[in-house]
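Hi there,

Here is the structure I promised to pass on.

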Amino acid sequence: MATVLMVPLILYLLAVLAGRHVHCKSNGAAAGLYDVTEYGAAPSSEDNKDVILAAWRAACSSTTGNTTLLIPEGTFAVGAVEFSGPCKSGDAPVVVIDGVLRPCTGGCHLTDDDWITFRALSNLLVTGAGTLDGQGGARTSKAKTTTLELDGVTNSTVRGLRFVDSRGFHLSFHRSSRVAAEGLRIHAPASSRNTDGIHVGCSSHVRIADSVIGTGDDCVSVGPGSSDVVVTGIVCGPGHGISVGSLGRKEGEEDVRGLVIRNCTVRGTTNGLRIKTWPGSPPGRASNITFEDIIMADVSNPILIDQRYCPHGRCSDVDKPSRVQISDVTFRRIQGTSSSKVAVQLRCSEEQPCSGVRLDGINLRCGDQPCHAQFANVRGTPALEAQAPSLWVQEAHVLPSDAE
């Protein structure tokens, strides 16, 4: 009888011990999970930079790979922070941000550069259900700080995060290759200056997809030194539209080539699809650029090449032509509504006229009035045979195809 009673008791004790083992606090290193709160991070207004970096260094130093740095739910303050590689296993940890990150206050100072930087890493994934809140808003007194920059990274992705109120660019790819931004939500007031949603510079093989972006500047901007960039599935507005440039502001800029912007919707922006270069620029090139299958809704300047780009009228060389050569640009199947009567403007350089520009299937409406097009310094007549009859060429200065 005693033996019979002992069996259930032993089974019960084994179950309790097993349960304790399962529910004990896990060892982050053993499990591959590095929760920043286990290193001392806490939701507060105090700077968590040092403890978050401690968790990063532990994850990056793992020789096994397959590690995850977790910022859990909660609002965490953090100063300017750089997550650097290379990591010991060769691959960067997965970074999961489920909480809200904000710049710290008080003695914590952000520079004019970047708030959160990932540098010299490969196979990085930054993801989660969280928010990067730059605390910028429409105020202009704060430093123009990029919220998140990937610098010198390869084979990496930023996915699913929410960005709000950056003090500068929200997300920037710099000197990076085979990188992607997917499923992002980026928002800042329409009055906030220099708050580009996603900026690409000196980078190649870039994919930007399926994101909703509304800011006070370009939704997406592609800068010098960029090649093989594909932008698709973007809902843009408010803001300044989707832009190539600005180009030609500094000596030694690398060329831009091989861009495709397709299947996007642009709403209520001050520009639609734009290529912009500075007057009086040094020589440069922008070529092999395609904009296709774009829907415009109440957009001013839906199609624009502006080689006298001079924001705020503060250009010392405003009377000098740009020397950036723009060539092989296609605008295909662009439809919707324009809030400006001139829906297509190709204002090219007197010294380096645009060449190989094609307008194919442009169907834009300007209220109950015909839309107008203006061309200046375009080599050869842009293809207009497939346009809707409502697009009138109001003013044209085209050059023969063999013009020097």
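Let me start with a question: is Glu292 buried or exposed? Keep in mind that this is a predicted model. Glu292 counts as buried, because its relative accessibility is 9% and the cut-off for buried is under 20%. Its salt-bridge partner is Arg262, with 3.0 Å between the closest N and O atoms. This pair links distant parts of the chain, as Arg262 sits in strand β21 (residues 256–267) and Glu292 in strand β23 (residues 284–299), 30 residues apart. Arg262 itself is partly exposed, at 29% relative accessibility.

Strand β23 also holds Asp293, which pairs with Arg333 of strand β25 (residues 324–338), 40 residues away. Here the closest N and O atoms are 2.5 Å apart. Asp293 is partly exposed at 26% relative accessibility, and Arg333 is partly exposed at 40%. Salt bridges with shared partners also build one network out of Arg262, Glu292, Arg332, Arg358 and Asp360.

Another pair to look at is Asp228 with Arg207, where the closest N and O atoms lie 3.4 Å apart.

In total, the count comes to 16 salt bridges.

Best wishes

Terms used. Residues numbered from 1 in each chain as written. Predicted model: local features only at pLDDT ≥ 70, side-chain atom pairs only at ≥ 80, totals over all residues. Heavy atoms only, no water. Salt bridge = Lys/Arg side-chain N within 4 Å of Asp/Glu carboxyl O. Helix = DSSP H or I, 4+ residues; strand = E, 2+ residues; numbered from the N terminus. Buried < 20%, exposed > 50% of the residue type's maximum accessible area, 1.4 Å probe, protein only.
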